[in-house]
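Here is a short report on a protein model. Please look over the sequence and the coordinates before reading on.

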Amino acid sequence: MKQKVMTVELCTVSADARTYYVAELMLPAQGHEIRDALQQVRFPEVSNTFHEISVLSCPVLPQLVGLRLDAPTVQELAYFANRVNDLPIDELIVLKGVFQRFVEDGSLGEVVSMKDLINMTYGLENVMVAANVTNDTALGQFVIENGLHQNVADVPDESVFLLDKALIGKLQRESDQGIYVDGLYVVTCDYEIPEVYNGIT
């Protein structure tokens with residue numbers, strides 16, 4: 001049985017604006033669960049009515065709750081939830097990292113495209129991740145130990161103790177557009193959202 005990764009609210013307003021039909025749907029969902037929720041809100045049977053879909057909760061990507069989605073369909077949200085549910089744990093952590101980066105730097109815009117959201121579940125296996133790196137000091141130590149920066153690598157061994165690990169880590173994180181997630185360090189700078197879903201098929 002698939003684990004539920006998000007809860008959405010479906011809302012339809014009748015043509016005379018006097019009646020609101022509301023239903024909650026936990027995703028991923030089976031076909032009959034989706035049909036039942038759509039029937040509760042008279043959607044899509046009722047034409048010429050206002051309808052809205054909102055994300056009520058998403059423990060994997062909690063920032064989704066505060067974001068506006070660009071005219072999502074139930075089918076798109078169900079597919080997205082299935083994709084998230086099927087991701088291996090390492091790719092799920094990468095998804096959290098790249099999503100956080102896009103939210104923080106404003107790349108997704110004020111209204112998040114469902115196309116981008118779905119496509120963000122692809123290409124995650126190519127993103128570099130470092131284990132046991134949870135803050136700038138630990139990242140600075142990692143940079144020093146692995147000679148990741150030429151200026152640091154040129155420092156004589158007997159003088160390494162003088163280096164400011166936290167500052168080195170901060171500079172590296174900013175360069176990497178790095179995000180700390182669940183005890184790991186995710187390097188997001190080279191990740192670009194692939195176009196697997198074209199918004200139609």
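This is a predicted model: local features need pLDDT of at least 70, side-chain atom pairs count only at pLDDT 80 or more; totals for chains, interfaces and linings use all residues.

Residues are numbered from 1 along each chain as its sequence is written, and side-chain values use heavy atoms, with hydrogens and water left out.

**Overall make-up**

The secondary structure comes to 7 helices and 8 strands. Helices (H or I, at least four residues) and strands (E, at least two) are DSSP runs, numbered from the N terminus. The protein has 201 residues, and 40% of them count as buried. Buried means under 20% relative accessible area, exposed over 50%, and partly exposed in between (1.4 Å probe, protein chains only). A contact is a case of heavy atoms within 4.5 Å. Among contacts with a separation of 6 or more, 68% come from residues 24 or more positions apart.

**Aromatic contacts**

Rings of Phe, Tyr and Trp (its six-membered ring) pair if their centres lie within 6.5 Å; planes under 30 degrees apart count as stacked, over 60 as edge-to-face and the rest as tilted. By this rule there are 2 aromatic pairs. The table lists them.

| Pair | Centre to centre | Angle between planes | Class |
|---|---|---|---|
| Phe102 and Tyr191 | 6.3 Å | 50° | tilted |
| Tyr180 and Tyr185 | 5.4 Å | 45° | tilted |

The Phe102 and Tyr191 pair links distant parts of the chain. Phe102 is in helix α3 (residues 89–105), while Tyr191 is in the segment after β8 (184–187), 89 residues apart. Both Phe102 and Tyr191 are buried. In the other pair, Tyr185 is buried at a relative accessible area of 2%, whereas Tyr180 is partly exposed at 24%.

Arg83 places its charged end over the ring of Tyr122, 3.7 Å from the ring centre. A charge sits over a ring if NZ of Lys or CZ of Arg is within 6 Å of the ring centre and within 35 degrees of the ring normal.

**A helix pair**

How do helices α5 and α7 pack? Helix α5 (residues 136–146) and helix α7 (residues 165–176) pack at about 85°, and their axes are 6 Å apart. That makes α5 roughly perpendicular to α7. The label applies to angles of 65 to 115 degrees; under 35 is roughly parallel, over 145 roughly antiparallel, and the rest oblique. Axes are lines fitted to C-alpha atoms, for helices over the stretch in contact, with angles from 0 to 180 degrees between N-to-C directions. On the α5 side, the contact residues include Leu139, Gly140 and Val143. The α7 residues they meet include Ala166, Ile168 and Gly169.

**Backbone**

Leu27 and Pro28 are joined by a cis peptide bond, with omega about 0°. Pro28 is in the loop between β2 (20–27) and α1 (31–40).

Gln177 is not a glycine, yet has a positive phi of about 50°. It lies in the loop between α7 and β7 (178–181) and is partly exposed, at 32%. Asp182 is not a glycine either and has a positive phi of about 50°. Asp182 is in the loop between β7 and β8, and counts as exposed at 53%.

**Cysteines**

How many disulfides does the structure hold? The number is 0, a disulfide being a pair of cysteine sulfur atoms within 2.5 Å. Cys58 is buried, at 5% relative accessible area. Cys189 is partly exposed, at 28%.
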